[in-house]
Amino acid sequence: MPSSPSHPAFTLTRAATAPLTPPPLYAQLREEEPITRVSLWEGRLTPWVVTRWEDARTVLGNPAFSSDPSLPGAPTFVKDTPQSPRGFFQSHDDPVHAAMRRTLTREFMIKRINALRPAITRLTGELISSMVQLEQRPVDFVEHFALPLPSLVICELLGVPYADHGFFQTHSKPIVDLTATAEQRVAARDALVAYLLDLVQVKRQRPGDDVVTRLAAQVDDGVITDEDAAALSTFLLFAGHETTANMIALSTITLLQHPEQLPRILGEPSQVADAVEELLRYISIVHGGLRRTATQDTEVAGVTVRAGEGVIIPLGVANRDPHAFADPDELDLQRANARQHVAFGYGIHQCLGQPLARAELQIVLPEVFRRLPDLRIAVPLEQLAFKENTVVYGVHDLPVIW
Ligand code: HEM
């Protein structure tokens, strides 16, 4: 993307030799100009970008910054992004955001998620067993493990038949693909919402112990509409597998590159929990950054961001800030303050699904290395196809042998 005359183009391109390190431009900016303008949409928009951990939290924690992508000046990836249905509450501000989020908070309470742990453990074991029995080598770890695992878990939680995974995985792709047009994204989203709208009706007739059934009950109680229930479920279905799937694949690559630290991921539960926090910090899969628009003049890092101006917060860059984390480019699975990362965002929109994501990673990663101690990547790292043009960073496929 060409830059405007005076501002560098916002880029997601990483150094070919360092696919797990955020683009080097931002590390330089963080030291020289921690809030600065970049250009988007071929120079037609020049939002701010903040690169320090502290400033990232200041912006994300301030209600003067809106999450509505349809506001004029909103620094979205795709120009003319329309507003989403209110069930996609990540794109709404309070009070709509709070009202929608409230319908789901009980679903992600630690107690509920802990009750899912045995099912996650069982699914992990079954998928590894099936993978081991495959005759071909190498095996694509993304196709046979990293993607189906979170997909099966979110289906179990929501009450969505996993048999339909081909349909919803196909329609999830344009939503995260930065090369898709606004029309393609809306069409994919609407197809998913229509599918979930049907499922809400099915659950009303044949209730189960699942989120869609409980959302249908909230419709019947007059709390939300059928359309809200469908959009809320769609959002979870989609948010629940793209993110965790990429984290599983990239964590596996990262761990294989640091074999000396593998004992930590095979250690006590508290060591595993710390290791997972460090992997979340180090990898920071939401690589395009969060996007906000100022609704009033607000000072950030000594600069006045005017009402109507956009701010991009690249989370991976904040998570590599040496002012917040010592030797930030080093993976240290024993890092004492790893949990202060902003990989799940910060403020009112902080990831609702984080207890589930943590549970999955804490169960899956030790199990993979316990069951496949000789696991290795079948090609050199440079030959892996990393996902650059997607909202969430990852690998398209990961050929492995053991
Ligand atoms: C490692 C995995 C994950 C990562 C790194 C991640 C990251 C994030 C981030 C950075 C945000 C903040 C967005 C913003 O402020 O604009 C977010 C929000 C959200 N995430 Fe996650 N997520 C993960 C897994 C999940 C899972 C498994 C679910 C659900 C099943 C989920 C559901 C949500 C929801 C509903 C929101 C919107 C919260 C709000 O706007 O109040 N996420 N996530």
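This is a predicted model: local features need pLDDT of at least 70, side-chain atom pairs count only at pLDDT 80 or more; totals for chains, interfaces and linings use all residues.

Let me start with the ligand. The shell around the ligand comprises 28 residues, and those that come nearest are His97, Arg101, Arg292, His349 and Cys351. Sorted by class, the shell contains 18 nonpolar residues, eight polar ones and two charged ones.

Cysteine 351 sits in the loop that runs between helix H13, residues 315–318, and H14.

I turn now to the oxygen atoms of the ligand. Histidine 97 has a side-chain N or O atom 2.6 Å from an oxygen atom of the ligand. For histidine 349, the distance between a side-chain N or O atom and a ligand oxygen is likewise given as 2.6 Å. In the case of arginine 292, a side-chain N or O atom is 2.7 Å from an oxygen atom of the ligand.

Which elements give two or more residues to this shell? They are helix H3 (96–102), helix H10 (226–257), strand S5 (290–294) and helix H14 (354–371). The most is given by H10, which supplies six residues.

The axes of H10 and H14 come within 10 Å of each other and cross at roughly 40°. At that angle, the two helices H10 and H14 are therefore oblique to each other. The crossing of H10 past H14 is right-handed.

The peptide bond from aspartate 94 to proline 95 is cis, its omega being near 10°. Proline 95 belongs to the loop between strand S3 (65–66) and H3. A cis peptide bond also links arginine 137 to proline 138, here with omega near -5°. Proline 138 is located in the loop between helix H4 (110–133) and strand S4 (139–140).

As for phi, glutamate 42 is not a glycine, yet its phi is positive, at about 55°. Glutamate 42 is found in the loop connecting strand S1 (35–37) and strand S2 (48–50).

Thank you for your attention.

Note on methods:
Residues are numbered from 1 along each chain as its sequence is written. Side-chain values use heavy atoms; hydrogens and water are left out. A residue is near a molecule or strand if one of its heavy atoms lies within 4 Å of it. A polar contact is a pair of N or O atoms within 3.5 Å; within protein, one must be able to donate a hydrogen and the other to accept it, and residues adjacent in sequence count only if both atoms are side-chain atoms. Helices (H or I, at least four residues) and strands (E, at least two) are DSSP runs, numbered from the N terminus. Ala, Val, Leu, Ile, Met, Phe, Trp, Tyr, Cys and Pro count as nonpolar, Asp, Glu, Lys and Arg as charged, and the others, Gly among them, as polar. Axes are lines fitted to C-alpha atoms, for helices over the stretch in contact, and angles run from 0 to 180 degrees between N-to-C directions. Angles under 35 degrees count as roughly parallel, over 145 as roughly antiparallel, 65 to 115 as roughly perpendicular and the rest as oblique. A crossing is left-handed if the near helix is turned anticlockwise from the far one by less than a right angle, and right-handed if clockwise.
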